[in-house]
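Here is a short note for a first look. Please read it with the structure open.

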Amino acid sequence: MTDTRWSEVDAYLVDQLHTPDPVFAETQARADAAGLPSIAVAPNQGKFLNLLARFGRVKTILELGTLAGYSTIWLGRALPPDGRLLSLEANAKHAEVARANIAAAGLAEAVEVRVGAALDVLPTVAGPFDLIFIDADKVNYPEYFRWAMRLSRPGTVIVVDNVVRQGKVADTRTDDPNALGVRRMHELIAAEPRADATALQTVGVKGYDGFTMVLVTD
């Protein structure tokens, strides 16, 4: 199996199961025009987040890492009329692009993009949240998990993206700081009595990676 085949399968699945939506094409076009890195979630991953939020009938969402707002829009669309989403973005340029995309998607009233390093902004954030999506710098994943637990309630779901790192997460000899951040986060999750968790490997247009999902139990 190759990355090419993984991408072909992703394209097939999206073609079969997704309704074409120009909002996401325009979101990506604005990101490309602004020179943002092409590291947003894939369309089927975005739809997974959307369905997860709808399954749980969540009303409040916290996102760490906005980029151009692609996953933000998927999550924002899952909210009920009285729902709210707070997304934290360290890069002011990224936040500007994201706000334009969120407004174009009709979600400006429900979604707030707050600029600043997440570890500086999180102490000002009021929880709890029903769903927390972590997709930011991996080195700080341990601290992000700690904050996610503080801002959760029993029943909160925490989803953490990019946790496999092309398999480096399983290499105990790695010196990759991103993989080490993910490994430390998993150690914290395993030691947290209020966290019931699992992780899945994924392949597709975004390559070989995976996500961790946590249910806060108490």
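At what angle do α2 and helix α5 pack, and how far apart are their axes?

1. Helix α2 and helix α5 (residues 92–104) pack at about 160°, and their axes lie 10 Å apart. Axes are lines fitted to C-alpha atoms over the stretch in contact, and angles run from 0 to 180 degrees between N-to-C directions. Therefore α2 is roughly antiparallel to α5 (angles over 145 degrees count as such). Helices here are DSSP runs of H or I, at least four residues, numbered from the N terminus.

2. The model is predicted: local features need pLDDT of at least 70, side-chain atom pairs need 80 or more, and totals for chains, interfaces and linings use all residues. Residues are numbered from 1 along each chain, and side-chain values use heavy atoms, without hydrogens and water.

3. Which residues make the contact? From α2 come E26, T27, R30 and A31; from α5 come V97, N101 and A104. Contact means heavy atoms within 4.5 Å. By class, three of the contact residues are nonpolar, two polar and two charged.

4. The structure has one cavity of 30 Å³ or more. A cavity is a set of points on a 1 Å grid where a 1.4 Å probe fits but cannot get out. The largest cavity holds about 50 Å³, a volume being the space filled by probe spheres set on the points.

5. Lining residues have an atom within 4 Å of a point. Among them are T27, A31, P37, I39, L67 and Y70. Helix α2 (residues 22–33) gives the largest share of this lining, three residues. Seven lining residues are nonpolar, four are polar and none is charged.

Definitions and conventions: On a 1 Å grid over the protein atoms alone, a cavity is a set of points where a 1.4 Å probe fits but cannot get out, and a pocket is an open set with protein on both sides within 12 Å along at least five of seven lines; lining residues have an atom within 4 Å of a point. Helices (H or I, at least four residues) and strands (E, at least two) are DSSP runs, numbered from the N terminus. Ala, Val, Leu, Ile, Met, Phe, Trp, Tyr, Cys and Pro count as nonpolar, Asp, Glu, Lys and Arg as charged, and the others, Gly among them, as polar. Angles under 35 degrees count as roughly parallel, over 145 as roughly antiparallel, 65 to 115 as roughly perpendicular and the rest as oblique.
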